[in-house]
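Here is a short briefing on a protein model and its two ligands. Keep the structure open while you read.

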Amino acid sequence: MTIIVTGGAGFIGSNFIFHMLKKYPGYRIVCLDKLTYAGNLSTLKGVMDNPNFRFVKLDICDREGVYKLFEEEHPDIVVNFAAESHVDRSIEDPSIFLQTNIIGTSVLMDACRKYGIKRYHQVSTDEVYGDLPLDRPDLFFTEETPLHTSSPYSSSKASADLLVLAYHRTYGLPVTISRCSNNYGPYHFPEKLIPLMIINALADKLLPVYGTGENVRDWLYVEDHCKAIDLIIHKGREGEVYNVGGHNEMRNIDIVKLICKQLDKPESLITFVADRKGHDMRYAIDPTKIHNELGWLPETKFADGIKKTIQWYLDNKDWWQEIISGDYQNYYKRMYGDRK
Ligand code: NAD
Ligand code: TYD
């Protein structure tokens, strides 16, 4: 079995590669990654020498390069994690989101059509459903919830989802889609809420909470997401969408306070800054389908997962210090410099 994992030098893709190499010693895993600002080869250093692993630096939009890789590897499965993934960056400049997230997805699926594939899996997000109101805790996203996006990021992901389903209907491509809630865990890029707050708190820097901090996200430990994708590519039904989430809703402000507590830092570091444009209020997944059909349930409780995550950032300072010492500084100044 050969699996091409795109975006495997990023947060979730790398965790997925570690999970697969460990669980399936007979599988060949080929990581295709463009190594954008979010991709980090040092993340993969522990598997680079594994004979079942190959890394290829490539853009999923590069049709010729992608076709060549398919000719070389004859993959059985493609799992597409490659994406521009940060909402704030998509608000700043949508164009690369459309290019990678939509066009790149179509190039990968064209390669699957041309060379044949057992399964094409699209890693999508719960953000394609838009948001839910804070005063209706009874409402959840199901697979039938209409797509209703808010940001250029979520719109590009929803567009890709529609294309994936169209390739299934029109060309009979054997596809599946997973729509997961917010992940957290090791190797999470420091521009996202949880790692940003851990790293700022460690440096006694201000902790910038958007708006009132009441926005709710449904957090899932990254390993649980990887296990869900593993189940879907092996046992999920073709043409189906599976929501992935663990009924673990938290307000942003409560997460930031928890991080302060765990690191023994004062809450006075918390600063409320200008809200994100079009900021989604609440995400909440109903995971009934994946539970009933595939037996998936999240295994890591948030209280344990957040402790493990904080410990990982304490134990792996080299990994993130290298990142925040580079171009990240310019990003941080642009995003937070005069944000009042
Ligand atoms: P990430 O930003 O950490 O990693 C993205 C990876 O894709 C990087 O290694 C980057 O170099 C690579 N990449 C970007 N453009 C590329 C291109 N054109 N060609 C090849 N590689 C390219 O993202 P992540 O948080 O690991 O998210 C992975 C996927 O999961 C994304 O599709 C995202 O939409 C989805 N998702 C993320 C979350 C979350 O909470 N992080 C939740 C649900 C779904
Ligand atoms: P993020 O990690 O960017 O994920 P997403 O926008 O995909 O859910 O943000 C999670 C939440 O945290 C979101 O409501 C925005 C908020 N947030 C802050 O309040 N401050 C920050 O500095 C960041 C990066 C995010």
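A polar side-chain atom of aspartate 59 sits 2.8 Å from a nitrogen atom of ligand 1. That is a polar contact, meaning a pair of N or O atoms within 3.5 Å; within protein, one must be able to donate a hydrogen and the other to accept it, and residues adjacent in sequence count only if both atoms are side-chain atoms. This is a predicted model, where local features need pLDDT of at least 70, side-chain atom pairs count only at pLDDT 80 or more, and totals for chains, interfaces and linings use all residues. Residues are numbered from 1 along each chain as its sequence is written, chains are lettered from A and ligands numbered from 1 in the order in which they are written, and side-chain values use heavy atoms, with hydrogens and water left out.

**Ligand 1**

- Aspartate 33 also uses its side chain: a polar atom there is 2.6 Å from an oxygen atom of ligand 1.
- Isoleucine 12 uses its backbone instead, with a polar atom 2.8 Å from an oxygen atom of ligand 1.
- Ligand 1 has 840 Å² of accessible area on its own, and the protein covers 97% of it. Accessible areas come from the Shrake-Rupley method with a 1.4 Å probe; for residues, only the protein chains shown count as cover.
- The shell around ligand 1 holds 28 residues, and the closest are Ile12, Asp33, Ser85, Tyr153 and Lys157. A residue counts as near if one of its heavy atoms lies within 4 Å.
- H1, strand S5 (119–125) and helix H5 (152–171) each give at least two residues to this shell. S5 gives the most, with three residues. Helices (H or I, at least four residues) and strands (E, at least two) are DSSP runs, numbered from the N terminus.
- By class, the shell has 13 nonpolar, 11 polar and four charged residues. Ala, Val, Leu, Ile, Met, Phe, Trp, Tyr, Cys and Pro count as nonpolar, Asp, Glu, Lys and Arg as charged, and the others, Gly among them, as polar.

**Ligand 2**

- There are 19 residues around ligand 2; Glu127, Arg217, Arg276, His279 and Tyr336 come nearest.
- An N or O atom in the side chain of glutamate 127 is 2.5 Å from an oxygen atom of ligand 2.
- For tyrosine 336, a side-chain N or O atom is 2.7 Å from an oxygen atom of ligand 2.
- Alone, ligand 2 exposes 510 Å², and the protein buries 97% of that.
- Helix H6 (193–202) and strand S8 (207–210) each supply at least two residues of this shell.
- The shell around ligand 2 has nine nonpolar, five polar and five charged residues.

**Pockets**

- The largest pocket holds about 190 Å³ of space. On a 1 Å grid over the protein atoms alone, a pocket is an open set of points where a 1.4 Å probe fits, with protein on both sides within 12 Å along at least five of seven lines; lining residues have an atom within 4 Å of a point. Grid points are joined across faces, edges and corners, and a volume is the space filled by probe spheres set on the points.
- Its lining has seven charged, two nonpolar and no polar residues. Among them are Asp88, Glu92, Lys277 and Arg339.
- H3 gives the most to this lining, with three residues.
- The second largest pocket holds about 150 Å³. Its lining includes Asn15, Phe18, His19 and Lys22.
- H1 gives the most to the lining of the second largest pocket, with four residues.

**Whole chain**

- The protein chain has 12 helices and 13 strands.
- Its radius of gyration is 19 Å, close to the 20 Å that the globule rule gives for 340 residues, so the chain is as compact as a globular protein of that length. The radius is taken over C-alpha atoms, and the rule is 2.2 Å times the number of residues to the power 0.38.
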